[in-house]
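Here is a short briefing on one protein chain. Please look over the model before reading the points below.

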Amino acid sequence: MARRGEGDPARRITEVTLTLLETEGYEAVQLRTVARLAHASLSTVYKLYATRDELVLAAVAQWMATNTYTELEPPRPGESLAEVLIRVIRYVFEPWERHPRMLAAYHHARSGPGGQRLDNQGFAAILPVVAPMFATLDKDYAADLALVLSNMVFALLARFAHGDLDIADIVPALERTITRLTGDNTPLAAAALRVTTADSGDFAWNSGFGSPYSPGAATDES
């Protein structure tokens, strides 16, 4: 009896690609390597996927369909906007945290040609959950909320993919962002108006800010 996928070159090629992405990472996916491991000719691989970007995109989309966005629940009675958004963020990122190389592959695929396909796949699952609450918000506020959160996600994924942010730091950063965006920050911001030069004290930049930029020690002695 033929093994699963044995008679389907496309499935074998995709499965090999997923194995490489999960075990060795994005850079390990080379079309010649995939062809060899999938027991397919290089011409067959090129016929199905003209570039490595197309192959990785297809593999990541398949992985997402199986591992993410599968059981998102709608807003629960009495659940606040912040609670819904944090619950969704935790649910979405839980599979990625268990498969960090796949998240790096996602970022590469999302940033390349055809990456909109992955956006569409994600939004198709998330929007039905958050749309009922967003529909009740002021339109400008909803737009600003979406603007900040979507750009925060992109920035954090880029930092993770480039190796300067641990995957475990992504969700806490997004939770803090959501808490600030949905909370009343007026009392905290108003403190700045009460501070004078005489009693302002020192301000120390620390790693808790989670910023890619910091006023570190200068290395240029010129």
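T177 touches V148, L149 and M152, leaving aside residues up to four places away in sequence. This is a predicted model.

- T177 sits in helix α9, which spans residues 170–182.
- T177 counts as buried because its relative accessibility is 13%, below the 20% cut-off.
- The side chain of T177 reaches the backbone oxygen of A173 at 2.8 Å.

**The largest pocket**
- The largest pocket has a volume of about 780 Å³.
- Its lining has 27 residues, and the closest to the pocket centre are F123, I126, L149, S150 and V153.
- Four helices each supply at least two lining residues: α5 (81–98), α6 (100–111), α7 (116–134) and α8 (139–161).
- Helix α7 gives the largest share of the lining, nine residues.
- By type, the lining residues divide into 22 nonpolar, three polar and two charged.

**The whole chain**
- The secondary structure comes to 10 helices and zero strands.
- Of the 222 residues in the chain, 35% are buried.
- Among contacts between residues at least 6 apart in sequence, 66% join residues at least 24 apart.
- The accessible surface of the chain comes to about 13,800 Å². Carbon and sulfur atoms account for 55% of that surface.

Technical notes:
Residues numbered from 1 in each chain as written. Predicted model: local features only at pLDDT ≥ 70, side-chain atom pairs only at ≥ 80, totals over all residues. Heavy atoms only, no water. 1 Å grid on protein atoms, 1.4 Å probe; cavity = no way out; pocket = protein on both sides within 12 Å on 5 of 7 lines; lining within 4 Å. Points joined across faces, edges and corners; volume = space filled by probe spheres on them. Nonpolar A, V, L, I, M, F, W, Y, C, P; charged D, E, K, R; others polar. Buried < 20%, exposed > 50% of the residue type's maximum accessible area, 1.4 Å probe, protein only. Polar contact = N/O pair within 3.5 Å; in protein donor to acceptor, adjacent residues only side chain to side chain. Contact = heavy atoms within 4.5 Å. Areas by Shrake-Rupley, 256 points an atom, 1.4 Å probe, with all protein chains shown as cover.
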